[in-house]
Each structure stands twice: as C-alpha cells, then as structure tokens.
Amino acid sequence: MPFTGFIAVISLTPSGTFTEAMGLSLLIVTTSPGGSLSNWIASLFNADLTLSVTMTSINTLLSSFLLPINLLLYTHLSYGVAGGESGSNVINNLEWGGLFISIGVVVSGILAGLAASYKFGSPKFHRRSNKFGSAMGTILCTYSLMISSGSDSAWYAQSWQFYVGMTLPPALGLGLANVIGCILKLESPERVTISIECSIQNVAIAATASLNMFDDQIDRDQALAVAIAYGIISMCLAVCYSFVSWKVGWTKAPADENFCVILTKTYEVDDDMGKQHASESIGGNECFDHLEENLTTADK
C-alpha cells in the first residue's frame with residue numbers, strides 16, 4: 001500500500017492535482033495500518049472475521065515502527081528527491097506525537113477486544129458483540145460522511161483526477177490481494193478477508209495528523225479532504241467487492257439468503273460451532289468403532 005500511494009503522488013503532483021498537503025496526507029494514509037472498518041465489513045458480509053481481526057492486530061503492532069520508516073522513505077522519494085528542500089520541510093512538519101497517539105488508541109481497542117473475547121468466549125457474547133460492533137460501525141461511517149470543511153478544499157469539491165488518485169491505491173491493493181490469494185489457493189472467505197484488509201487503511205490516523213501538522217487552514221482542509229475521500233472510496237470498493245463475493249458464494253453466508261438477513265446474522269459463530277460438533281461427532285464415531293472392534297475381538 002505505501003508504494004501505491006507513492007505512485008499516485010508522483011503521478012498527480014506534477015500536474016497540479018495534488019498539493020503538498022494532499023500528497024503528504026495520502027502518503028500517511030497508505031502507510032497507516034488497516035482500521036477497524038475492515039473488521040466491520042468482514043463481519044457484515046460474513047468473511048473470515050477471525051483472520052480479519054488477526055491481520056489488523058498484527059498490522060497495527062508492526063506499524064508502530066514501519067509507519068515512520070515508510071513515511072520517511074516515501075516522503076523523501078516524493079518530495080526530497082524531486083523537490084529539493086521541500087522534502088525536508090515536509091518531514092519537519094510531521095507531528096509524530098499525534099501519529100503515535102492514534103496508533104496507541106487503535107492498539108488499545110484491539111487488545112481490549114481480544115481480552116473480552118477470551119474472558120467471555122461464549123457464542124451469545126460473540127453474537128451480541130457482533131451486533132454492537134455493526135451498529136457502531138454504521139454510526140462511524142455516517143459521521144465520516146457528514147464531516148466537511150465547507151470550503152473550496154472540501155472532499156466533494158475536487159477535480160476528477162483527485163478521485164482517480166484516491167481510487168488507485170485501494171483498487172490495486174484489493175486486486176493484487178485477490179490474485180495472490182487465488183495463486184496460494186486460499187479458501188474463499190480467507191481470500192475475501194485478505195482483499196478487504198489490503199484495500200482499507202486507518203484514515204483516522206491521517207485525519208488526526210492533518211489537524212495537527214498544518215497551521216494554514218487551506219492546507220489543513222486539503223489534507224483532511226484526502227483522508228475523508230480515501231476512506232469513502234475505499235469503503236465503497238470493499239463493500240461492492242464483498243457484495244459480489246457473497247453472491248458468488250465466496251463468503252460464509254449462503255448466496256441465496258436475504259440480504260438483510262446476512263447483514264444482521266453472523267455465520268462465523270455458527271460455522272465454528274458446526275466444525276466443533278462435526279469434530280466431536282467424528283471423535284465419537286471413532287470411539288464407537290474402536291469399542292465395537294474390541295468387542296468383536298473379545299467374542300472371538
């Protein structure tokens with residue numbers, strides 16, 4: 001993802017489509033870890049939620065040191081190499097404290113969720129948590145859509161080239177992840193989950209950084225426009241992909257089930273319980289066969 005953001009920045013900055021603030025914001029977004037939105041979409045469309053949470057957790061933990069490294073590298077390549085001293089100015093404007101606070105909040109939420117799942121690991125708790133998380137995700141998405149600066153730099157008042165730049169990184173991430181999943185012959189729900197994870201980033205980190213590292217209101221609005229537009233576009237791409245995946249039978253939800261039903265019902269827990277019952281049934285049959293064999297031997 002960082003490389004796709006770099007490609008978008010160097011492609012659109014010379015044409016004037018991306019300002020320095022926009023380019024820096026996009027680099028922050030694409031170097032950020034995956035957010036909880038990917039977990040929410042995986043949960044709604046009944047992909048492999050366990051894998052989704054695991055990937056987000058690992059990705060977030062690794063980002064604590066990979067994010068600064070990638071950001072320094074691609075900022076230098078985008079601005080330092082091509083723009084002389086501007087690269088140094090951009091790097092000096094970064095608010096590292098705000099970035100690490102945002103990452104810390106995400107990590108804390110994930111660890112708290114894992115601890116609660118371990119402590120209250122019943123299917124009933126999982127179902128209630130799933131519904132609560134879906135409701136909170138809906139509120140979060142609605143709130144994000146309502147955020148706007150109201151100026152000429154608003155996310156909905158940009159040129160078409162701007163939206164192409166916002167679409168390029170998540171589309172490439174989703175497509176490449178799906179192809180790699182097919183090559184590795186992963187199960188369909190796993191392939192869907194990996195594709196979703198590789199197309200959605202934690203835009204809250206970029207939004208927080210945008211508010212902290214720019215003093216000029218225009219620059220701040222431009223940077224924030226990137227975070228909002230990227231979040232909306234990547235979410236739409238992931239939802240459309242997940243919907244198609246459900247209809248072709250790639251998720252755990254039945255393809256012929258009512259759409260509203262699959263959005264409100266979790267098949268993850270049912271699938272896990274089914275596997276557990278099947279395992280217990282197989283184990284019971286093996287014990288019965290072994291007992292029958294012993295009885296036959298004793299009769300002889």
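Reader: How many of the 9 residues of helix 3 (residues 36–44) are buried?

Author: Buried means under 20% relative accessible area, exposed over 50%, and partly exposed in between, with a 1.4 Å probe and protein chains only, while helices are DSSP runs of H or I with at least four residues, numbered from the N terminus. Here 8 of the 9 residues of helix 3 are buried, so helix 3 is largely enclosed by the rest of the structure; among the buried residues are Leu37, Trp40, Ile41 and Leu44. This is a predicted model, in which local features need pLDDT of at least 70, side-chain atom pairs count only at pLDDT 80 or more, and totals for chains, interfaces and linings use all residues. Residues are numbered from 1 along each chain as its sequence is written, and side-chain values use heavy atoms, with hydrogens and water left out.

Reader: How are helix 1 and helix 8 oriented to each other?

Author: Two packed helices are described by the angle between their axes and the distance between the axes. The axes of helix 1 (residues 2–12) and helix 8 (residues 160–183) come within 8 Å and cross at roughly 160°, the axes being lines fitted to C-alpha atoms over the stretch in contact, with angles from 0 to 180 degrees between N-to-C directions. The two helices are therefore roughly antiparallel, a term for angles over 145 degrees.

Reader: Which residues in helix 1 meet helix 8?

Author: With contact meaning heavy atoms within 4.5 Å, Thr4, Gly5, Ile7, Ala8 and Leu12 in helix 1 meet Gln161, Gly165, Leu168, Pro169 and Leu172 in helix 8.

Definitions and conventions: Parallel < 35°, antiparallel > 145°, perpendicular 65-115°, else oblique.
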